[in-house]
Amino acid sequence: MKFSLKSIRQRFGKICRKFGYGIKDRVVALCLGQSFHAYRYTKEYKNWLSRFAVTAENKVHIPNIEFYLAYGCNLKCAFCSNLNPYRQGIVSKDELFDSFGIWSQKIQPDEVRLLGGETLLHPHYAEIAVVARKFWRTSRIVIYTNGILLSQIHNETLQRMANEKIEFRISKHLTNKSYNQIIADATKRFRSFGISYVIGNDYKHWSKIYKTDQNGMPIPSDSNPSVAHSVCSSKYCITIIADTLYKCSFIANFRLALTEGALSKDWNAVLSHNGISASASQEDILAYLRSGYTKECSVCPDKIEKIHASQLSIEDLKRIRQIVTQ
Ligand code: SF4
Ligand code: SF4
């Protein structure tokens, strides 16, 4: 049998595909004398950063941007990354429209994510999606939902979503039969209207993104910020709140939760991260997005612990709220 470099590479690729792509990276990492994790992080993060640029229209190209419509949620997932079980309320549509207007002059996202809390709790979510489409004609506009309220969407609204090419992302957090049935029925309706959707089995990939004390109260870590940044996934969630852009959803939400009184003052360290204002130049926005970890990353854990997804009980919530307000 003749072995050329090409055939060896092809065979290697075939084996890797059979046993999982992780193997290829593990071998390359081993050859480079790096840990698998360090190799993957460097590779993924470099790829991510390479996607940012100032376009010919003088806008900052961004892979995805997040706008929050609601902070309350109809589920109470333990370790919700945005602390939504402890928060409430919606963002006014006028604030969101202003924000779209300001930021559409500055950024060109591939994907605009409208999310929460539970997005469908917002009485004007459909109108907000349609207005987002007006500002970003060529971007994907995606409504994120946990799916519980999908059966309540009227056909007229679905038709409107289909006309405007609005997509849905159903983030699954439960596994019971009735929940699965709601999602099965909703996706059938999406298909009949020609609406694109994705189902994310989020409950299968759940992890503790912050430490907790013996009362279940979120407590900040004291990590090496560069290590914490290397293991976190929120760094890929660029978030806009009003006229400020944050390069990670965690900082944006924990800052807000603090000001809302939903989080203890132990977290005050996140307040020193101010994001970047829409009045900044495109070059400054780009530099901010590419600037990697910040000192505030030290509040995040340096190891991500995988856990089974679960819902907080009313007692859990009461206890946490009591501690925060003490
Ligand atoms: S459904 Fe999503 S937003 Fe709501 S509590 Fe669960 S993780 Fe948080
Ligand atoms: S603060 Fe840093 S480590 Fe924490 S979620 Fe944001 S980017 Fe990740």
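Author: Here is a walk from the domain contact into the sheet, the core and the ligand shells.

Bear in mind that this is a predicted model. The protein chain splits into domain 1, residues 23-54, and domain 2, residues 59-325. Their C-alpha centres sit 26 Å apart. Where the two touch, domain 1 puts in seven residues and domain 2 puts in 11. On the domain 1 side, α3 (36-49) and β1 (53-54) each bring at least two residues, and α3 has the largest share, with three. That side of domain 1 is made up of six nonpolar residues and one charged residue, with no polar ones.

Now follow β1 onward. It pairs with β2, residues 60-68, in the antiparallel sense, over two bridges. One pair to look up is Ala53, whose bridge partner in β2 is His61. The hairpin of β1 and β2 has five residues between the strands, and Asn58 takes a positive phi near 60° there.

Next, the core. The largest nonpolar core counts 60 residues, and those with the most contacts inside it are Leu69, Leu114, Tyr125, Ala129 and Ile143. Among the elements, α9 gives the most to this core, six residues. Ile143 is a handy one to click on: setting aside neighbours within four places in sequence, it is in contact with Leu114, Thr119, Tyr125, Ala129, Ile166 and Phe168.

The residues around ligand 2 include Cys232, Cys248, Cys297 and Cys300, along with Ala228, His229, Ser234 and Lys235. Phe250, Ile251, Tyr293 and Glu296 are also among them. Sorted by class, the shell has eight nonpolar, two polar and two charged residues.

Finally, ligand 1. There are 13 residues around it, and Cys73, Leu75, Cys77, Cys80 and Asn146 come nearest. By class, the shell around ligand 1 has five nonpolar, six polar and two charged residues.

Technical notes: Residues numbered from 1 in each chain as written. Chains lettered and ligands numbered in written order. Predicted model: local features only at pLDDT ≥ 70, side-chain atom pairs only at ≥ 80, totals over all residues. Near = placed C-beta within 6 Å. Nonpolar A, V, L, I, M, F, W, Y, C, P; charged D, E, K, R; others polar. Domains from an automatic or database assignment. Helix = DSSP H or I, 4+ residues; strand = E, 2+ residues; numbered from the N terminus. Core = buried A, V, L, I, M, F, W, Y, C linked by C-beta atoms within 7 Å. Buried ≥ 20, exposed ≤ 12 C-beta atoms within 10 Å, placed from the backbone. Pairing = 2+ DSSP bridges.
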